[in-house]
Amino acid sequence: MTGAIRPVLDSDADGLIRLIDVCWSAYEGCILDVDAEEPQLRAMRSHFDALGGEYWVVENAGGQIAAAGGWAPAVDPSGSEIHKLYVLAELRRQGIARRLVGMAEAAARSRGSRFVELWSDTRFLEAHAFYEALGYRRTGRTRDLDDLSNTTEFHFVKEPFTVS
């Protein structure tokens, strides 16, 4: 059983880093070097506040961060982007990620976004199926991050995303 979804705090850094490290380590070649490539993980609340977005975490029964995800305005100001959605493997398929995406989509609706987009590592096949089941479609665009993990990401979008 997991706790309630709550806003991330900068003091959640160690737990958030552990969560992402565990998720990435399930894929060959995925390397998490926080200081070199993901320094925002050390202060996620401050990072998302600066972006104008929100980021949330869920703790497991033991008080450890077991899931996280958030959103921020997209580069195109008429849209929103989902960022860094992770759930520990043993807690998947329980609706946690769906709830986090729903919260991000609700925020997008409230700001009048016309679309919601996200980028996902090409190795994260299970995540791609999840996003597609939620109505996101792969656009055919990719981007290379030139990082330690040699990451290429697929672009997904949900549009039109009108206020209902």
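Predicted model: local features only at pLDDT ≥ 70, side-chain atom pairs only at ≥ 80, totals over all residues.

Q: Why is Gln-40 called buried?
A: The relative accessibility of Gln-40 is 18%. Buried means under 20%, so Gln-40 counts as buried.

Q: What makes the pairing of Gln-40 with Glu-38 a polar contact?
A: The side chains of Gln-40 and Glu-38 come to 2.5 Å. The limit for such a pair of N or O atoms is within 3.5 Å, and the pair therefore qualifies as a polar contact.

Q: Which residues are in contact with Gln-40, leaving aside its neighbours within four places in sequence?
A: They are His-47 and Lys-84.

Q: How do you know that Cys-23 is in no disulfide?
A: By the rule applied, the count of disulfides is 0. For Cys-23, the nearest cysteine sulfur belongs to Cys-30 and is 10 Å away. A disulfide requires two cysteine sulfur atoms within 2.5 Å, so Cys-23 is in no disulfide. Likewise, Cys-30 is in no disulfide, its nearest cysteine sulfur being that of Cys-23 at 10 Å.

Q: Are Cys-23 and Cys-30 buried or exposed, and what makes them so?
A: Cys-23 has a relative accessibility of 5% and therefore counts as buried. The value for Cys-30 is 12%, so Cys-30 counts as buried. The cut-off in question is under 20%.

Q: Where is Ser-78 found, and why is Ser-78 called buried?
A: Ser-78 is found in the loop between β3 (65–73) and β4 (79–87). Its relative accessibility is 18%; because buried means under 20%, Ser-78 counts as buried.

Q: How much space lies in the largest pocket, and which residues are closest to its centre?
A: The largest pocket holds about 1100 Å³ of space. Its lining has 43 residues, of which Lys-84, Leu-85, Tyr-86, Phe-124 and Tyr-131 are the closest to the centre. Elements giving two or more residues to this lining include α1 (13–25), α4 (96–110), β5 (115–121) and α5 (125–133). The largest share, 7 residues, comes from β4.

Q: How do the residues of the lining of the largest pocket divide?
A: There are 23 nonpolar, 8 polar and 12 charged residues in the lining of the largest pocket.

Q: Why is Asp-146 called exposed?
A: Asp-146 has a relative accessible area of 72%. Exposed means over 50%, so Asp-146 is exposed. Asp-146 belongs to the loop between β6 (137–144) and β7 (152–158), and its phi is near 50°, a positive value in a residue other than glycine.

Definitions and conventions: Residues numbered from 1 in each chain as written. Heavy atoms only, no water. Buried < 20%, exposed > 50% of the residue type's maximum accessible area, 1.4 Å probe, protein only. Polar contact = N/O pair within 3.5 Å; in protein donor to acceptor, adjacent residues only side chain to side chain. Contact = heavy atoms within 4.5 Å. Helix = DSSP H or I, 4+ residues; strand = E, 2+ residues; numbered from the N terminus. 1 Å grid on protein atoms, 1.4 Å probe; cavity = no way out; pocket = protein on both sides within 12 Å on 5 of 7 lines; lining within 4 Å. Points joined across faces, edges and corners; volume = space filled by probe spheres on them. Nonpolar A, V, L, I, M, F, W, Y, C, P; charged D, E, K, R; others polar.
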